[in-house]
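Please look over the sequence and the model before reading on.

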Amino acid sequence: MRTPEQSRELSSGSRATISVAMIARNEETNLPRTLESVRWADEIVIVDSGSTDRTPEIAQSFGAKHIFNRDFRGHPEQKNVAIDRCTSDWVLSLDADEAVSPELAEEIKQVLTQPRYDAYWIPRLNLFLSRWLRHGGFYPDRKLRLFKRGVARVEEGVGPHGTLRFRGETGVLKADLLHYAYPTLDLYLEHMNRYSSEAAEYLVVSGKTSRSTFAFAANAILNPIATFLKNYIFRLGFMDGPEGLLLHLNHSLYVHWKYAKAWEIARFGKRDLPVKENEAGLRARSIL
């Protein structure tokens, strides 16, 4: 709770302080763009799970607090480590492939001069190949990212896409957070392969492993088809052109992969070692 003196200071034009919380691993390509967009922040905290490229050097060149935490237990868990290291009044949670647009930066500064809520949703604009997606359920893609320190945490134990949880009334900002998600198809496929593996482990823990043939067909076949129809047809994904078609086809494959991998783990156990060449004719690499 702010003192009356602090409230008067904020009302006179000053703003609450803000920390940017990030996690990273080998993000030398994305990091300069992201950090340049938040130079105005009072503090930048980057928790690194083991970069071997120039990520630490780039972080330090922008004045960020770079911290190694190689005890990586999952994306949500690592994000909470970063949030816990922040010391400002407010926290803005960012991914390394995101950037704060100039319009969003100004809106955040204005909001923090006299905040009405303790947490805010931010619309996110996603890039796929060369197109900013505005249909198919990918926009406005609001994310709860701005919050008063201590009032929100990322939900843990739910796979790679844990979200911030906050109990209370929230505000909604208007300007976009820019997500340079997948500039190439190779990068998208690599990420979906990795994310589907993490999601599969969560499905196994949750008991969603398609124990019958009917359940397997529903999860691994009907669910992907329904996902494609919902996003590409009913959510107008086709209006994003060829990029929209590619995205929704491959997103449906991601849904198939996570259920197929969960079924494989439940039936055969985790198989991290490559298959021998005399068993498969070639050295197994990934589902791709």
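The model is predicted, with local features needing pLDDT of at least 70, side-chain atom pairs counting only at pLDDT 80 or more, and totals for chains, interfaces and linings using all residues. Residues are numbered from 1 along each chain as its sequence is written, and side-chain values use heavy atoms, with hydrogens and water left out.

**The sheet**

Helices (H or I, at least four residues) and strands (E, at least two) are DSSP runs, numbered from the N terminus. Seven strands form an open sheet with mixed pairing, in the order E3-E2-E1-E4-E9-E6-E12. Strand E3 (65-68) and strand E12 (171-172) are the edges; each has a single partner strand, so one side of each has no neighbour in the sheet. Two strands count as paired if DSSP finds at least two bridges between them.

| Strands | Bridges | Sense | Opposite residues |
|---|---|---|---|
| E1 and E2 | six | parallel | Met22 and Ile46 |
| E1 and E4 | four | parallel | Ile18 and Trp90 |
| E6 and E12 | two | parallel | Tyr120 and Gly171 |

From E1 the chain crosses through H2 to E2, a right-handed β-α-β crossover. Right-handed here means that, with the strands pointing away from the viewer, the path from the first strand over the helix to the second runs clockwise.

Seven of the seven residues of E1 are buried, where buried means under 20% relative accessible area, exposed over 50% and partly exposed in between (1.4 Å probe, protein chains only). One side of E1 holds Ile18, Val20, Met22 and Ala24, and the other Ser19, Ala21 and Ile23.

**The cores**

A nonpolar core is a set of buried Ala, Val, Leu, Ile, Met, Phe, Trp, Tyr and Cys residues joined through side-chain atoms within 4.5 Å. The largest such core has 33 residues, and Ile18, Ile46, Leu92, Val100, Ile108 and Leu146 have the most contacts inside it. Elements that each supply at least two residues of this core include E1, E2, helix H3 (55-61) and helix H5 (102-111). A second, separate core has 18 residues, among them Tyr195, Ala200, Leu247 and Tyr254.

**Helix H6**

Helix H6 covers residues 185-205, and its 21 residues reach 30 Å from first C-alpha to last, close to the 30 Å expected at 1.5 Å a residue. That expected span is 1.5 Å times one less than the number of residues. Buried residues of H6 include Tyr188, His191, Tyr195 and Leu203. The buried residues of H6 pack against helix H4 (75-84), strand E7 (124-128), strand E13 (177-182) and helix H8 (241-268). Gly207, with a positive phi near 80°, follows H6.

**Two single residues**

Is Gly136 buried or exposed? Gly136 counts as buried because its relative accessibility is 1%. Gly136 sits in the loop between strand E8 (131-133) and strand E9 (143-148). The C-alpha atoms of Gly136 and Gly237 are 3.7 Å apart, although the two residues are 101 apart in sequence. Beyond its neighbours within four places in sequence, Gly136 is in contact (heavy atoms within 4.5 Å) with Asn231, Arg235, Leu236, Gly237 and His248.

Lys143 belongs to strand E9 and is partly exposed, with a relative accessible area of 23%. Not counting residues up to four places away in sequence, Lys143 touches Tyr120, Trp121, Ile122 and Arg124.
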